[in-house]
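Here are some notes to go with your first look at this structure. Have the model open while you read, and turn to the residues as they come up.

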Amino acid sequence: MNRPIDLLLRGGNLIDGTGAPAREADIAVTGGRVAVLSPGTPVRAAETVDATGQVVTPGFIDVHTHSDALAAPHGPDATAQPVDSIEDLRLAPLLQGVTTEICGNCGTSLFPSLPERLPALADHLRVTFGLGPVRPAADFDAFAAAQNPALRRTHIASLVGHGTLRAGVMGFAARPPEPDELRGMCDLLDRALSQGAAGLSTGLIYPPGTYADTAEIVALAKVAARHGKPYVTHLRDEMSQVEAALEEALEIAVRSGARLQVSHHKTAGRHAWGATLRTLPRLEAARADGVDVLCDVYPYTAGSTVLHAMLPPWTSEGGVGELLARLRRPEARDRIRADIAAGVEGWENTVGNGGWDLIAVAAARTRPEAEGRRIAALAAERGTDPVDYVCDLLLAEQGEVTIISHSMREDDVRRVLASPLSMIGSDGVPKPGRPHPRWAGSFARVLGHYGRDRRLLSLETAVHKMSGLPARRFGLTGRGVVRDGACADLVVLDPATVTDTATFDRPLLAPEGVGTVVVAGQLAVRDGRPTAVRAGEVVRVR
């Protein structure tokens with residue numbers, strides 16, 4: 001090479017993301033692209049990183065995030081941006097080596113929207129993302145254009161959320177769509193996928209997605225299949241009816257022809273503990289029968305979601321405004337209590353499968369003293385019933401409350417992590433307060449705790465689950481593998497020390513052992529600390 005290259009990673013062991021064994025190599029970066037060199041190749045570089053004794057990997061791809069709004073317009077003014085106080089939330093994935101995030105999961109994306117449905121949809125997005133008022137985008141092009149490059153630490157791709165599609169076309173009605181409404185959803189989905197959205201997602205425990213039947217999802221998944229893009233689903237039930245819900249997802253894949261991605265696969269709640277002994281073989285059998293199905297997983301026994309998802313689906317019919325109006329009525333609260341105790345057909349019923357003592361408040365803007373504490377204890381301190389406490393809290397917060405649910409068992413988590421069908425996704429919910437530590441710790445935790453310490457995965461396998469496998473799954477061309485000509489998204493880490501430090505009490509603590517992160521050929525993390533680089537881009541999947 002005659003001219004100086006931009007960056008040289010010298011002396012490291014390359015784990016290239018394919019699952020192949022580590023090998024010695026130097027990595028040259030020029031113009032945002034990679035060249036793999038023999039060790040010690042003489043080159044001139046503008047900057048050199050000494051990677052001796054460390055490993056060089058592709059930048060990690062977080063296949064399941066809810067980070068849609070971190071760099072998006074907020075409020076009625078489309079130029080308004082999130083406040084600087086959430087910068088730590090933007091940094092959390094980068095500091096553990098994540099260079100690309102896939103958002104739009106669980107049926108909620110920031111697009112598409114129709115003018116006549118904007119108020120109800122905007123309220124739904126405000127409650128979901130917890131960063132104040134959010135302005136929905138008309139389509140994927142508008143979503144991409146609205147991302148503020150000055151705030152983008154990582155690349156971002158987005159799925160099309162079925163719940164957003166449904167709310168945009170027919171509001172929060174608990175009924176099947178009319179034929180013209182279903183055509184409208186399909187047309188909006190087709191347009192977004194043509195513009196580069198990464199696939200279709202559903203969240204079938206969340207209104208309005210929970211109001212959809214299987215036939216509706218099949219029709220939409222057929223659109224994704226025509227584009228060669230996956231159907232990504234938060235199952236209708238991950239608890240006592242998880243196996244039936246999994247069968248529905250497989251049926252949708254077979255009838256539509258779409259590739260199936262099961263989001264954050266788990267078997268949660270006491271009635272489903274141990275069910276991964278059946279669900280994982282079922283997925284393997286489906287693959288053997290020709291169904292292209294994979295899943296993702298986060299390395300924790302607790303989940304996180306919005307508080308109103310703990311209530312029966314009828315409470316949210318009509319949208320957030322109707323939800324809040326119902327919660328003021330004593331007869332509605334009595335019905336909620338009865339439904340939690342007896343169950344409702346087709347409803348996951350997290351509280352009925354566990355109890356309010358397993359659910360902690362993660363984010364409540366006006367009640368910070370509640371954050372980190374269990375709902376059962378908070379209600380007992382006030383001498384009130386937990387349902388009344390929850391309703392009062394939702395009213396005080398205008399519906400905008402996030403929770404953490406301690407509902408899984410360690411052996412189930414390990415089985416899914418070890419499965420050859422799984423890849424890694426944080427399911428990060430980046431909101432102020434005490435968010436789940438998975439947003440800051442998932443990838444380092446897999447590498448350190450489960451990989452090195454528990455020997456559940458080899459380093460090469462763990463990296464493959466974080467890079468090459470998700471890149472291939474979601475069509476992220478040029479990413480996920482370190483080879484000549486690939487995008488220069490890279491990580492340099494110490495395999496002997498890499499570990500997560502984030503806890504439920506201090507959820508944004510940065511991991512240890514991740515020294516260098518390169519985004520689009522630029523040093524975004526140096527010596528474990530962020531630089532001023534903001535090189536993230538919106539990734540279009542064609």
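Predicted model: local features only at pLDDT ≥ 70, side-chain atom pairs only at ≥ 80, totals over all residues.

1. The numbers here are computed from it, with residues counted from 1 along the chain.

2. Start with the aromatic pairs: searching the whole structure turns up 4 of them. Take Phe 60 and Phe 443, whose ring centres are 5.9 Å apart with the planes at 10°. Planes under 30 degrees apart count as stacked, so this pair is a stacked one.

3. Where in the chain do Phe 60 and Phe 443 sit? Phe 60 belongs to strand E6 (residues 60-62), while Phe 443 is part of helix H15 (residues 438-453).

4. Next, look at Phe 140 and Phe 143. Their ring centres are 5.9 Å apart, but the planes make an angle of 35°, so this pair is tilted. Both residues lie in helix H3 (residues 140-146), and because they are 3 residues apart there, about one helical turn separates them. Phe 140 is buried, with a relative accessible area of 0%, and Phe 143 counts as buried at 2%.

5. Arg 335 lies over the face of Trp 314, at 3.9 Å from the ring centre. Arg 445 does likewise with Tyr 300, lying over its face at 5.0 Å from the ring centre.

6. Now for an open sheet of 3 strands. Which order do they take? It runs E14-E16-E15, with antiparallel pairing. Strand E14 (302-306) and strand E15 (359-363) are at the edges; each has a single partner strand, so one side of each has no neighbour in the sheet. On average, neighbouring strands here are turned by 30° against each other, ignoring direction.

7. To see the pairing up close, follow E15 and strand E16 (residues 402-406), which pair in the antiparallel sense over 4 bridges. Find Ala 360 and look across to E16: the bridge partner there is Ile 404.

Conventions: Heavy atoms only, no water. Phe/Tyr/Trp six-rings, centres within 6.5 Å; stacked < 30°, edge-to-face > 60°. Helix = DSSP H or I, 4+ residues; strand = E, 2+ residues; numbered from the N terminus. Buried < 20%, exposed > 50% of the residue type's maximum accessible area, 1.4 Å probe, protein only. Lys NZ or Arg CZ within 6 Å of the ring centre and 35° of its normal. Pairing = 2+ DSSP bridges. Axes fitted to C-alpha atoms, helices over the stretch in contact; angles between N-to-C directions.
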